[in-house]
Amino acid sequence: MSDKPKKKLEMITVALIPFAVAINFVGYFLASSLKLPMYLDSIGTYIVAATCGWLPGLITGILTGVLEGVSYPPSMAYAINCAACGVVIGLLASKGWMKKFLPALGVGLVVTLTSVLISTPITAFLFGGITETGNSVIAIALQAAGFGLIPAVIVSTVLTEALDKVLVAIVAFFIIKAISDRFLSKLPLGHLYLKKSVVQASEDDD
Amino acid sequence: MESAQEIAARFAAKKGNPVLDLYPASKLMFVLCMLVASICSPHWCFGFIVFIVCGILTAFAGELKGFLKGMRIILILFVGLLTVVRAFFYTGDNLHYFLQLGSFHMSWEGVAVGLGMGSIVLSVTSPLLMTTKTATVEDIVIALEHMGLSPTASFLVLSTFQMVPELNARSAVIQDSQKSRSIEVEGNLLVRAKAFFPMITPLVLSSFASTEEKSVALESRGFNYKCSKTRIRVITDTPAQKRGRILMGILTGIFCVVGGYFKWFA
């Protein structure tokens with residue numbers, strides 16, 4: 001018998017995606033209300049991508065960008081960044097990177113690199129290095145110190161994204177650990193996170 | 001007994017205002033045309049003209065206050081600050097400086113570059129904000145469905161818009177209950193950071209149950225069944241608007257060719 005328990009397909013993933021987008025917003029609002037110096041606005045993307053795959057992660061990222069763009073249109077340009085992060089998380093998670101703590105940290109670092117690579121050209125060429133966040137101040141200060149536009153944007157993005165994405169990876173890792181096996185068994189990649197005793201019991205039954 | 005047309009007329013989402021009742025695809029076409037035209041526009045004033053036109057249309061729809069509120073931060077950041085920053089840090093040959101602050105010089109060429117970039121941002125954000133202020137999400141999604149968007153994608157968009165305020169309200173309740181359990185939310189950065197996990201985790205885990213219920217409800221209502229779907233909200237496209245969209249596309253194409261020539265080749 002296959003070592004993967006049976007899982008419910010498609011519909012539960014479709015129902016999970018809007019909830020994940022909402023979690024992204026709630027994470028951002030919570031971080032703002034606690035006055036934390038980070039966004040924490042991709043927890044939902046991490047959870048969906050890690051448990052359902054790269055495509056739901058991509059859709060969650062795009063929807064997050066579109067929804068942000070409704071009230072603040074320039075954010076829509078970063079939908080592609082959110083989508084790419086979802087794809088990267090999904091691909092790494094399917095290889096088991098979100099099963100253990102240290103590889104999950106690695107996911108955070110890879111996502112940081114992806115975010116820097118994609119958002120830097122958008123911020124630099126489309127918005128001239130200006131964003132509505134504190135990145136602008138750092139980028140302007142670096143330009144005043146003699147940095148070019150691209151290096152200034154890269155440095156400011158790395159400074160803000162690295163801590164944010166790694167922390168979100170840690171939070172998502174522990175949240176996935178806390179999800180019940182009953183629910184995990186229904187998700188496309190949920191079998192990766194089932195407790196050993198459950199998998200062992202299903203193998204013994206065979 | 002009512003005919004299908006009479007039922008549709010009863011549920012028609014008309015508001016009696018020509019801007020509000022404009023078919024959403026026409027507004028989306030306007031956004032797309034302004035995006036393309038702004039890239040090929042040879043002069044920075046294009047974005048400001050688009051902003052004024054969108055302001056007038058939004059005022060006609062009675063949504064000017066919301067539109068200006070949304071555009072305020074964009075005008076300050078992407079026009080004001082961007083222009084100032086580009087003016088100070090723009091480098092090139094034969095620049096004409098007009099202001100000096102310490103070791104930094106402001107040039108007219110930098111101002112023009114900053115205004116040009118701000119113009120592109122204005123050209124896209126003004127029509128987008130006008131669209132979101134004058135069309136409901138439901139109407140936009142129905143229009144996209146008429147153009148071929150799948151019902152699954154429609155559900156994703158509409159459910160997302162519905163779920164964000166719902167989860168925000170639930171999050172506020174969880175925040176209060178955690179505070180009553182002596183979770184510290186004020187103090188130094190570490191104390192506040194520690195409060196984040198016990199606030200987000202109950203929200204996420206409690207929402208999984210409703211996710212499962214929703215998926216069962218969708219399946220039991222034949223959501224995945226391959227047939228044409230009915231809808232309770234009716235929006236209609238008119239032949240005049242269809243011709244208008246084609247004309248908009250043609251005019252944008254001509255503008256791009258002429259404007260692009262003057263911008264890059266003349």
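**Entry 1: helix 2 of chain A**

Which elements do the buried residues of helix 2 of chain A pack against? I looked this up in a predicted model. Within chain A, those residues pack against helix 1 (11-33), helix 3 (54-71), helix 4 (79-94) and helix 7 (149-178). Helix 8 of chain B joins in too.

Then I went through helix 2 of chain A itself, residues 43-52. Among its buried residues I noted I43(A), Y46(A), V48(A) and C52(A). Just after the helix I found G53(A), with a positive phi of about 120°.

**Entry 2: where the chains touch**

Next I checked chain B against chain A. I got 50 residues of chain B in contact with 41 residues of chain A. On the chain B side, the elements giving two or more residues are helix 4 (64-89), helix 5 (108-134), helix 7 (151-180) and helix 8 (189-220). Helix 8 of chain B supplies the largest share, 19 residues. I also sorted the residues on this side of chain B by type: 31 are nonpolar, 14 polar and five charged.

Chain A has a mean pLDDT of 86, and 90% of its residues reach 70 or more. Over residues 1-9 of chain A, pLDDT stays under 50. The model still has 15 contacts beyond four places in sequence for that stretch.

Terms used
Residues numbered from 1 in each chain as written. Chains lettered and ligands numbered in written order. Predicted model: local features only at pLDDT ≥ 70, side-chain atom pairs only at ≥ 80, totals over all residues. Contact = placed C-beta atoms within 7 Å. Helix = DSSP H or I, 4+ residues; strand = E, 2+ residues; numbered from the N terminus. Nonpolar A, V, L, I, M, F, W, Y, C, P; charged D, E, K, R; others polar. Buried ≥ 20, exposed ≤ 12 C-beta atoms within 10 Å, placed from the backbone. pLDDT = per-residue confidence, 0-100.
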